[in-house]
Amino acid sequence: MRVTVSAPAKLNLSLDITDRRSDGYHTLKMVMQSVDLCDTVTIQTDDDTDDITVVCSRDDVPNGKDNIVSEAAKAVFEETGTENPGLLIKIKKEIPLSAGLAGGSADAAATIVGLNEIMDTRLSMDELCDIGLSVGADVPFCIMGGTVLAEGIGGILNPLPHLQPCFFVIAKNSDKTSTKEMYDKFDRLTKVAHPDTDEIVGAICAGDIEETAHLLCNVFEYVHGAEIDDIKKIMIDNDAMGASLSGSGPAVFGMFASLSAASRCANELKRICSDVYLCEPCKKGCEIDD
């Protein structure tokens, strides 16, 4: 059997670090949004082996057991009590690496969703998300998708009304960031202006896209350099309603009311950024392709 799953990237419309637990994990309060920049994960059973083979379209992404999708598959087998039938998992990457866009988490989420179909385990959304949380903090959201208020370490998800129509331009330079390093730098900060997450939730619920864009905020911006501000300025100068960092970065995104403004901004950013994407919000997370 074979299934192909679309795995959307995520943006953080708001990201606040609320506490640090005794185990070292940080608790968060954030608004997350799926966008139609997607990886594609194809899973097929392989009767000739009882192993998990992972093949990725990018050479700089780990294959085999070192890839997060292998961990996700094993988590499904463990939680459902099913046996590995032998798998070949192929990943076509479109989401840039180490950017704050949850590319690896999206692939893991797609694997969990795809195996639920292949193994006919008929897991509920809550059960799928519980498995996802055992793999990574962003995986539950990547399974659910849409527009979501996420709390805790990422496992407490409350769906919000879908965003009003808009466009996103995502820009990333060539540098990668370590999530752990970004958290360590944040912990050393002495002064941070925290976002009003409840206010942005209210704007989304009211369907006020301009106010939503105006309230974009991410505390990780305080640990990044001037380059983030430079990209944001270009976005605002090109009629973005608002701009912010996604995740721990370094990807920056702007929200636009019109496609023409978003396209103009994307073309300008291509002069200075290695990766630029124009996309729209998605209403769902990982989906099995027809």
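Which residues lie nearest the centre of the largest pocket? In this predicted model, Ser105, Gly136, Ala137, Asp138 and Thr179 hold that position, and the lining as a whole counts 45 residues. The space inside the largest pocket amounts to about 1,200 Å³. Sorted by class, its lining comprises 18 nonpolar, 17 polar and 10 charged residues. Several elements of secondary structure contribute at least two residues each to this lining: strand E1 (2–20) and strand E2 (26–45), together with helix H1 (68–80), helix H2 (103–118), helix H3 (125–135) and helix H5 (179–187).

The model also contains an open sheet of four strands, arranged in the order E9-E10-E7-E11 with antiparallel pairing. Strand E9 (242–245) and strand E11 (275–279) each have a single partner strand, so one side of each of these edge strands is left without a neighbour in the sheet. From one strand to the next, the twist averages 15°. The antiparallel pairing of E11 with strand E7 (residues 167–172) extends over five bridges. Within this pair, phenylalanine 168 has cysteine 279 of E11 as its bridge partner.

Two helices are described here in relation to the sheet. Helix H8 (residues 226–237) packs on the sheet and touches E7, E9 and strand E10 (252–256). The direction of H8 makes about 15° with that of E10. Helix H9 (residues 259–269) likewise packs on the sheet, where its contacts are with E7, E10 and E11. For H9, the angle between its direction and that of E7 is about 10°.

How values were computed
Residues are numbered from 1 along each chain as its sequence is written. This is a predicted model: local features need pLDDT of at least 70, side-chain atom pairs count only at pLDDT 80 or more; totals for chains, interfaces and linings use all residues. Side-chain values use heavy atoms; hydrogens and water are left out. On a 1 Å grid over the protein atoms alone, a cavity is a set of points where a 1.4 Å probe fits but cannot get out, and a pocket is an open set with protein on both sides within 12 Å along at least five of seven lines; lining residues have an atom within 4 Å of a point. Grid points are joined across faces, edges and corners, and a volume is the space filled by probe spheres set on the points. Ala, Val, Leu, Ile, Met, Phe, Trp, Tyr, Cys and Pro count as nonpolar, Asp, Glu, Lys and Arg as charged, and the others, Gly among them, as polar. Two strands pair if DSSP finds at least two bridges between them. Axes are lines fitted to C-alpha atoms, for helices over the stretch in contact, and angles run from 0 to 180 degrees between N-to-C directions. Contact means heavy atoms within 4.5 Å.
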